[in-house]
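Trainee: Could you take me through one part of this structure closely, the place where the ligand sits?

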Amino acid sequence: MRIVVLASGRGSNLQAIIDSVKKGALEVEIGAVVSDKGSAQALERAVKNNIPTRILPAENYTTRAEYDRALAQLITGLNADLVVLAGFMRLLGNDFISKFPNRIINIHPSLLPAFPGLDAQKQAVEYGAKVSGCTVHFVDEGMDTGPIIAQKCVPVIEGDTTETLSARILQEEHRLYAAVLALLGKGLIETDGRKVTIKRS
Ligand code: GAR
(Lines give C-alpha, C1' and ligand atoms only; values in the text may rest on other atoms or scores of the structure.)
Protein backbone atom coordinates (compact mmCIF):
# COMPACT_ATOMS: atom_id res chain seq x y z
CA MET A 1 0.00 0.00 0.00
CA ARG A 2 1.37 3.36 -1.02
CA ILE A 3 0.38 6.25 1.25
CA VAL A 4 0.73 10.00 0.97
CA VAL A 5 0.82 11.85 4.29
CA LEU A 6 -0.64 15.36 4.58
CA ALA A 7 0.68 17.41 7.50
CA SER A 8 0.66 21.08 8.50
CA GLY A 9 2.93 21.14 11.54
CA ARG A 10 5.10 19.21 13.96
CA GLY A 11 4.69 15.84 12.27
CA SER A 12 5.05 13.55 15.29
CA ASN A 13 2.37 11.22 13.89
CA LEU A 14 4.27 11.13 10.59
CA GLN A 15 7.40 10.27 12.58
CA ALA A 16 5.60 7.43 14.35
CA ILE A 17 4.57 6.01 10.96
CA ILE A 18 8.13 6.35 9.64
CA ASP A 19 9.50 4.62 12.77
CA SER A 20 7.00 1.74 12.48
CA VAL A 21 7.99 1.20 8.85
CA LYS A 22 11.69 1.26 9.79
CA LYS A 23 11.10 -1.27 12.60
CA GLY A 24 9.31 -3.57 10.14
CA ALA A 25 6.05 -3.35 12.12
CA LEU A 26 4.27 -1.63 9.24
CA GLU A 27 4.56 -2.50 5.57
CA VAL A 28 3.57 0.62 3.68
CA GLU A 29 5.42 2.81 1.24
CA ILE A 30 5.36 6.50 2.17
CA GLY A 31 5.22 7.95 -1.35
CA ALA A 32 5.38 11.60 -0.28
CA VAL A 33 4.63 14.11 2.44
CA VAL A 34 2.49 17.06 1.34
CA SER A 35 2.07 20.23 3.39
CA ASP A 36 0.15 23.47 3.10
CA LYS A 37 2.91 25.12 5.17
CA GLY A 38 6.47 25.43 3.89
CA SER A 39 7.70 25.75 7.48
CA ALA A 40 6.12 22.48 8.71
CA GLN A 41 8.50 20.37 10.78
CA ALA A 42 6.87 17.36 9.13
CA LEU A 43 8.68 18.30 5.91
CA GLU A 44 12.07 18.21 7.68
CA ARG A 45 11.25 14.78 9.07
CA ALA A 46 10.41 13.58 5.55
CA VAL A 47 13.62 14.97 4.05
CA LYS A 48 15.70 13.30 6.80
CA ASN A 49 14.12 10.00 5.83
CA ASN A 50 14.47 10.45 2.05
CA ILE A 51 10.74 10.82 1.53
CA PRO A 52 9.75 13.19 -1.31
CA THR A 53 7.98 16.38 -0.22
CA ARG A 54 5.54 18.75 -1.88
CA ILE A 55 4.29 22.11 -0.61
CA LEU A 56 0.92 23.51 -1.64
CA PRO A 57 0.50 26.86 0.14
CA ALA A 58 -3.10 28.00 0.63
CA GLU A 59 -2.12 31.62 -0.16
CA ASN A 60 -1.67 30.68 -3.82
CA TYR A 61 -5.38 29.89 -4.23
CA THR A 62 -8.34 32.23 -3.94
CA THR A 63 -11.05 29.70 -3.08
CA ARG A 64 -11.17 26.48 -1.12
CA ALA A 65 -12.57 24.65 -4.15
CA GLU A 66 -9.57 25.76 -6.22
CA TYR A 67 -7.19 24.59 -3.52
CA ASP A 68 -8.97 21.26 -3.19
CA ARG A 69 -8.81 20.63 -6.94
CA ALA A 70 -5.08 21.43 -7.03
CA LEU A 71 -4.49 19.14 -4.05
CA ALA A 72 -6.50 16.33 -5.67
CA GLN A 73 -4.47 16.67 -8.86
CA LEU A 74 -1.22 16.57 -6.88
CA ILE A 75 -2.25 13.48 -4.90
CA THR A 76 -3.53 11.69 -8.00
CA GLY A 77 -0.13 12.27 -9.61
CA LEU A 78 1.52 10.71 -6.58
CA ASN A 79 -0.44 7.44 -7.09
CA ALA A 80 -1.56 7.11 -3.50
CA ASP A 81 -3.70 4.15 -2.43
CA LEU A 82 -4.48 6.01 0.78
CA VAL A 83 -4.31 9.66 1.88
CA VAL A 84 -3.26 9.94 5.52
CA LEU A 85 -4.01 13.20 7.31
CA ALA A 86 -1.59 13.69 10.19
CA GLY A 87 -2.18 17.10 11.71
CA PHE A 88 -3.35 18.56 8.39
CA MET A 89 -5.24 21.59 9.63
CA ARG A 90 -7.39 22.40 6.60
CA LEU A 91 -10.98 21.29 6.17
CA LEU A 92 -11.17 19.42 2.87
CA GLY A 93 -14.19 20.00 0.66
CA ASN A 94 -16.10 17.78 -1.69
CA ASP A 95 -13.88 18.71 -4.62
CA PHE A 96 -11.16 16.74 -2.88
CA ILE A 97 -13.03 14.10 -0.89
CA SER A 98 -15.20 12.84 -3.76
CA LYS A 99 -12.03 11.88 -5.68
CA PHE A 100 -10.86 9.46 -2.98
CA PRO A 101 -13.89 7.63 -1.55
CA ASN A 102 -12.96 5.71 1.62
CA ARG A 103 -9.33 6.42 0.85
CA ILE A 104 -8.69 9.33 3.20
CA ILE A 105 -8.13 8.83 6.91
CA ASN A 106 -7.55 11.26 9.76
CA ILE A 107 -6.48 11.13 13.38
CA HIS A 108 -8.21 13.36 15.88
CA PRO A 109 -7.26 13.90 19.56
CA SER A 110 -10.63 13.11 21.17
CA LEU A 111 -13.20 10.36 21.33
CA LEU A 112 -15.40 11.50 18.46
CA PRO A 113 -18.14 12.60 18.19
CA ALA A 114 -17.10 14.47 21.34
CA PHE A 115 -14.92 17.54 20.89
CA PRO A 116 -14.53 17.85 17.11
CA GLY A 117 -12.61 20.69 15.48
CA LEU A 118 -9.73 22.68 16.86
CA ASP A 119 -8.17 22.31 20.32
CA ALA A 120 -9.94 19.05 21.15
CA GLN A 121 -7.79 18.43 24.22
CA LYS A 122 -8.49 21.94 25.59
CA GLN A 123 -12.21 21.35 24.98
CA ALA A 124 -12.04 18.09 26.98
CA VAL A 125 -10.24 19.72 29.94
CA GLU A 126 -12.57 22.73 30.00
CA TYR A 127 -15.68 20.54 29.73
CA GLY A 128 -14.54 18.53 32.73
CA ALA A 129 -14.55 15.21 30.85
CA LYS A 130 -13.17 12.30 32.87
CA VAL A 131 -12.09 10.41 29.79
CA SER A 132 -10.92 11.46 26.36
CA GLY A 133 -8.64 9.82 23.81
CA CYS A 134 -8.08 9.65 20.08
CA THR A 135 -9.98 8.53 17.01
CA VAL A 136 -8.91 7.35 13.57
CA HIS A 137 -11.69 7.83 11.04
CA PHE A 138 -12.43 7.99 7.34
CA VAL A 139 -12.82 11.56 6.16
CA ASP A 140 -16.11 12.88 4.82
CA GLU A 141 -17.18 16.48 4.07
CA GLY A 142 -18.00 17.23 7.70
CA MET A 143 -15.68 18.39 10.46
CA ASP A 144 -14.39 15.12 12.03
CA THR A 145 -17.65 13.33 11.22
CA GLY A 146 -16.56 10.41 9.00
CA PRO A 147 -16.97 6.69 9.85
CA ILE A 148 -14.90 5.70 12.89
CA ILE A 149 -12.23 3.04 12.33
CA ALA A 150 -10.65 2.83 15.80
CA GLN A 151 -10.53 4.68 19.09
CA LYS A 152 -8.38 4.61 22.20
CA CYS A 153 -9.46 5.95 25.59
CA VAL A 154 -7.18 8.12 27.71
CA PRO A 155 -8.21 9.15 31.24
CA VAL A 156 -8.36 12.81 32.16
CA ILE A 157 -6.53 13.03 35.47
CA GLU A 158 -7.23 15.62 38.18
CA GLY A 159 -4.97 18.60 37.64
CA ASP A 160 -4.50 17.84 33.92
CA THR A 161 -3.78 20.86 31.74
CA THR A 162 -4.28 20.96 27.99
CA GLU A 163 -0.55 20.23 27.67
CA THR A 164 -0.40 17.21 30.00
CA LEU A 165 -3.53 15.67 28.50
CA SER A 166 -2.32 16.35 24.94
CA ALA A 167 0.98 14.62 25.66
CA ARG A 168 -0.75 11.53 27.07
CA ILE A 169 -3.18 11.36 24.14
CA LEU A 170 -0.36 11.86 21.63
CA GLN A 171 1.42 8.71 22.83
CA GLU A 172 -1.75 6.74 22.07
CA GLU A 173 -2.22 8.50 18.72
CA HIS A 174 1.20 7.29 17.61
CA ARG A 175 0.36 3.67 18.46
CA LEU A 176 -3.19 3.77 17.09
CA TYR A 177 -2.36 5.33 13.72
CA ALA A 178 0.37 2.82 12.94
CA ALA A 179 -1.89 -0.07 14.04
CA VAL A 180 -4.77 1.11 11.81
CA LEU A 181 -2.43 1.57 8.85
CA ALA A 182 -1.14 -1.97 9.33
CA LEU A 183 -4.72 -3.31 9.24
CA LEU A 184 -5.59 -1.27 6.15
CA GLY A 185 -2.38 -2.40 4.46
CA LYS A 186 -3.37 -6.03 5.05
CA GLY A 187 -6.87 -5.38 3.66
CA LEU A 188 -8.42 -6.23 7.02
CA ILE A 189 -10.74 -3.23 7.29
CA GLU A 190 -14.23 -3.40 5.79
CA THR A 191 -16.73 -0.57 5.52
CA ASP A 192 -20.48 -0.65 5.21
CA GLY A 193 -21.82 2.88 5.38
CA ARG A 194 -20.89 4.19 8.83
CA LYS A 195 -20.00 0.74 10.14
CA VAL A 196 -16.34 -0.12 9.94
CA THR A 197 -15.30 -3.62 10.94
CA ILE A 198 -11.96 -5.31 11.38
CA LYS A 199 -11.76 -8.74 9.76
CA ARG A 200 -10.01 -11.25 11.96
CA SER A 201 -6.85 -12.48 10.24
C1 GAR B 1 -2.33 15.63 16.63
O2 GAR B 1 -2.66 15.67 17.99
C3 GAR B 1 -3.57 15.34 15.79
O4 GAR B 1 -4.45 14.43 16.40
C5 GAR B 1 -4.18 16.71 15.70
O6 GAR B 1 -3.08 17.58 15.49
C7 GAR B 1 -1.93 17.01 16.12
C8 GAR B 1 -0.81 16.93 15.10
O9 GAR B 1 0.37 16.55 15.73
N10 GAR B 1 -5.13 16.80 14.65
C11 GAR B 1 -6.28 17.48 14.77
O12 GAR B 1 -6.59 18.13 15.74
C13 GAR B 1 -7.18 17.37 13.54
N14 GAR B 1 -8.48 17.87 13.84
P15 GAR B 1 1.62 16.08 14.87
O16 GAR B 1 1.82 17.14 13.79
O17 GAR B 1 2.75 16.05 15.84
O18 GAR B 1 1.29 14.72 14.29
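Mentor: Happy to! The space taken by the ligand is the largest pocket. A pocket here is an open set of points on a 1 Å grid over the protein atoms alone, with protein on both sides within 12 Å along at least five of seven lines, and a molecule sits in it if more than half of its atoms lie within 2 Å of its grid points. Keep in mind that this is a predicted model, where local features need pLDDT of at least 70, side-chain atom pairs count only at pLDDT 80 or more, and totals for chains, interfaces and linings use all residues. Residues are numbered from 1 along each chain as its sequence is written, and side-chain values use heavy atoms, with hydrogens and water left out.

Now look around the ligand. Its shell (residues with a heavy atom within 4 Å) includes Arg10, Ser12, Ile107, Asp144 and Glu173. By type, the shell has four nonpolar, five polar and three charged residues; Asp, Glu, Lys and Arg count as charged, Ala, Val, Leu, Ile, Met, Phe, Trp, Tyr, Cys and Pro as nonpolar, and the others, Gly among them, as polar. Domain 1 (1-100) and domain 2 (107-201) each give at least three residues to the shell, the bounds coming from an automatic or database domain assignment.

Next, find the oxygen atoms of the ligand. One is 2.6 Å from an N or O atom in the side chain of Arg10, and an oxygen is likewise 2.6 Å from a side-chain N or O atom of Ser12. At Ile107, a polar backbone atom is 3.5 Å from a ligand oxygen. Taken alone, the ligand exposes 450 Å², and the protein buries 89% of that (Shrake-Rupley method, 1.4 Å probe).

Note on methods: Polar contact = N/O pair within 3.5 Å; in protein donor to acceptor, adjacent residues only side chain to side chain. 1 Å grid on protein atoms, 1.4 Å probe; cavity = no way out; pocket = protein on both sides within 12 Å on 5 of 7 lines; lining within 4 Å.
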